[in-house]
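User: I would like to go through a structure with you, pockets to begin with. Could you take my questions one at a time?

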Amino acid sequence: MSENTHPRDCKHLSMMTNTWAGHFNNTYLQLSQNFYTRQGPVPLKNPRLVTISPATCTLIDLPNTPATKTALTEICSGQTLWPGSQPLAMVYSGHQFGNYNPRLGDGRGLLLGEWVNARQEKWDLYLKGAGPTPYSRFGDGRAVLRSCIREFLASEAMHHLGIPTTRALCVTTSDTPVQRETLEAGSTLLRVAQSHIRFGHFEYFYFSAHNEKAKNRFNSLRELADYTIWQNFTDLTSAEPGTDAFYLGFFTEVIRRTATLIARWQAVGFAHGVMNTDNMSIIGDTFDYGPYGFMDNFDWHHICNHSDNYGRYAFSQQPEIGYWNCGKLAQALTPLFSDTRVIQQALENYPTIYTQTYLRLMLDKIGLIEQHPNDSEWIQELLQLLHDSHCDYTLFFRTLCDYPSDSACAALHQQAGNLTAWLNNYQERLRQNPIDDPTRQQRMKQVNPKFILRNYLAQQAITQAEQGNFQEIDNLMTVLTAPFTEHPGFEHYANEPPSWGKKLEVSCSS
Ligand code: AMP
Ligand code: MG
């Protein structure tokens with residue numbers, strides 16, 4: 001099929017997909033027409049399936065069979081439409097690196113529709129790399145293999161680390177050339193998530209109505225808020241729809257989820273890289289994986305995005321940027337409130353929720369049940385030691401699980417310098433800890449991963465995949481889908497990067 005042929009419904013595909021439990025329920029289409037443009041995918045040439053996530057298949061009740069793989073290859077390359085799907089591109093805007101961009105939207109992804117599984121859960125199916133849309137601006141609507149693999153691995157890794165995230169069903173690649181710095185293969189990722197609504201959706205309807213004079217100019221904003229609450233926040237608010245209390249319940253929960261999410265990123269050592277408001281999920285998922293990075297050596301100021309010249313999205317800035325982004329959302333929601341002071345008060349909960357969640361997560365990492373008054377400072381002290389000695393963040397905490405064995409003590413001193421005073425304090429705290437050492441060690445190993453998606457590991461899998469060998473993705477998935485477990489034969493995936501792997505640069509180009 002040529003690149004410009006539009007996809008068609010396909011009989012044999014219908015027969016195959018008839019065995020999939022579930023159905024489409026495309027509620028986004030019920031919104032007013034200024035929310036989206038209906039748009040089909042533009043097919044890719046000679047598609048191949050690169051990888052599929054069995055765990056995500058289960059989520060939407062797809063059997064992981066050869067027939068499923070055949071059908072997904074056709075669907076994800078845009079050759080055929082998933083029966084029942086009514087694809088569309090959503091409009092949104094957002095603050096990019098601090099500056100407002102009044103019109104973004106799905107420039108290279110389509111919401112295929114909302115799949116309702118046998119448990120009546122709603123999952124958006126979203127095809128990234130599906131071709132141009134009215135929101136593509138200067139882009140080609142495509143995605144390349146390396147960026148699809150990076151999102152696939154990261155979203156599944158984050159999920160299995162217990163961090164809220166969009167999920168990935170599969171990646172396909174093709175013979176359609178896509179121009180980036182070099183020619184690359186047009187590829188797609190099928191993303192699965194409970195919502196694709198971003199902070200930027202609210203900003204779009206706020207700012208685009210702001211200069212209008214009409215009395216009901218914020219109707220679309222209200223429609224979006226009501227829809228979002230109806231779809232994803234129903235059990236949160238018993239307040240009368242349309243009241244301040246109704247919207248406040250929603251906003252308070254968004255603040256809670258966002259602050260908690262970012263605390264989880266900080267505790268695991270994850271840097272998102274492009275925390276623009278259009279990349280912030282309203283339901284608090286980690287969203288839109290681009291030049292993200294899991295930290296190897298601990299560095300407060302780690303900048304994973306090579307295009308981020310001023311470090312706006314450096315690791316240490318993330319909690320503050322999360323707050324800033326919530327402030328932009330608060331501003332966009334103000335027309336929904338008769339008394340806007342309540343929204344400011346709700347926003348002010350963010351720092352406390354963040355700080356308390358982060359402290360609890362860090363105490364869990366070091367195995368302490370009780371919290372003492374100066375614990376925040378004491379943990380900062382430890383992180384400063386790790387920073388000063390360029391210590392591997394993940395390995396350090398995994399080794400600490402075995403403290404106070406002789407081998408763990410020796411390894412800790414080797415990994416980080418000047419630890420003696422801190423460890424003496426730790427020893428003292430452990431004496432007061434209300435659980436015994438074996439219980440503490442076991443609990444610590446459930447929160448300190450042995451395996452994370454190190455940049456160089458992703459790069460190795462990508463390099464091989466670009467040569468047609470997809471095995472390394474599967475190898476990585478073995479450890480990333482059970483990151484707290486020992487994997488005999490796979491221990492090398494826990495190692496620090498080799499020197500070439502420490503210097504990799506990842507930019508926004510994808
Ligand atoms: P991102 O940097 O992926 O968060 O994307 C920011 C905006 O640029 C969104 O509106 C995307 O849809 C759009 N975009 C990114 N890459 C492309 C592309 N290759 N073609 C068209 N639009 C794109
Ligand atoms: Mg984005």
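This is a predicted model: local features need pLDDT of at least 70, side-chain atom pairs count only at pLDDT 80 or more; totals for chains, interfaces and linings use all residues.

User: What is the volume of the second largest pocket, and which residues lie nearest its centre?

Analyst: The second largest pocket holds about 480 Å³ of space. Its lining has 26 residues, and Lys-122, Trp-123, Gln-194, Gln-231 and Asn-232 lie nearest the centre.

User: How does that lining divide by class?

Analyst: It has eight nonpolar, eleven polar and seven charged residues.

User: Which domains does it draw on?

Analyst: Domain 1 (11-196) and domain 2 (214-358) each provide at least three residues of the lining of the second largest pocket.

User: Now the largest pocket: how much space lies in it, and what lines it?

Analyst: About 1,200 Å³ of space lies in the largest pocket. It is lined by 47 residues, with Arg-108, Lys-128, Cys-508, Ser-509 and Ser-510 nearest its centre. Two or more lining residues come from each of E8, helix H4 (145-160), E11 and helix H16 (455-466).

User: Which of these gives the most?

Analyst: H16 does, with four residues.

User: And the classes and domains for the largest pocket, what are they?

Analyst: The lining comprises 13 nonpolar, 17 polar and 17 charged residues. At least three residues come from each of domain 1 (11-196) and domain 2 (214-358).

User: Last topic, helix H3. Which of its residues are buried?

Analyst: In H3 (residues 66-76), the buried residues are Thr-68, Ala-71, Leu-72, Thr-73, Glu-74, Ile-75 and Cys-76.

User: What do they pack against?

Analyst: The buried residues of H3 pack against helix H1 (11-17) and against strands E3 (48-52), E7 (109-116), E8 (122-128), E10 (167-179) and E11 (183-193).

User: What follows the helix?

Analyst: Gly-78 follows H3, and its phi is positive, near 75°.

Notes
Residues are numbered from 1 along each chain as its sequence is written. Chains are lettered from A and ligands numbered from 1 in the order in which they are written. Side-chain values use heavy atoms; hydrogens and water are left out. Buried means under 20% relative accessible area, exposed over 50%, partly exposed in between (1.4 Å probe, protein chains only). Contact means heavy atoms within 4.5 Å. On a 1 Å grid over the protein atoms alone, a cavity is a set of points where a 1.4 Å probe fits but cannot get out, and a pocket is an open set with protein on both sides within 12 Å along at least five of seven lines; lining residues have an atom within 4 Å of a point. Grid points are joined across faces, edges and corners, and a volume is the space filled by probe spheres set on the points. Ala, Val, Leu, Ile, Met, Phe, Trp, Tyr, Cys and Pro count as nonpolar, Asp, Glu, Lys and Arg as charged, and the others, Gly among them, as polar. Domain bounds come from an automatic or database domain assignment.
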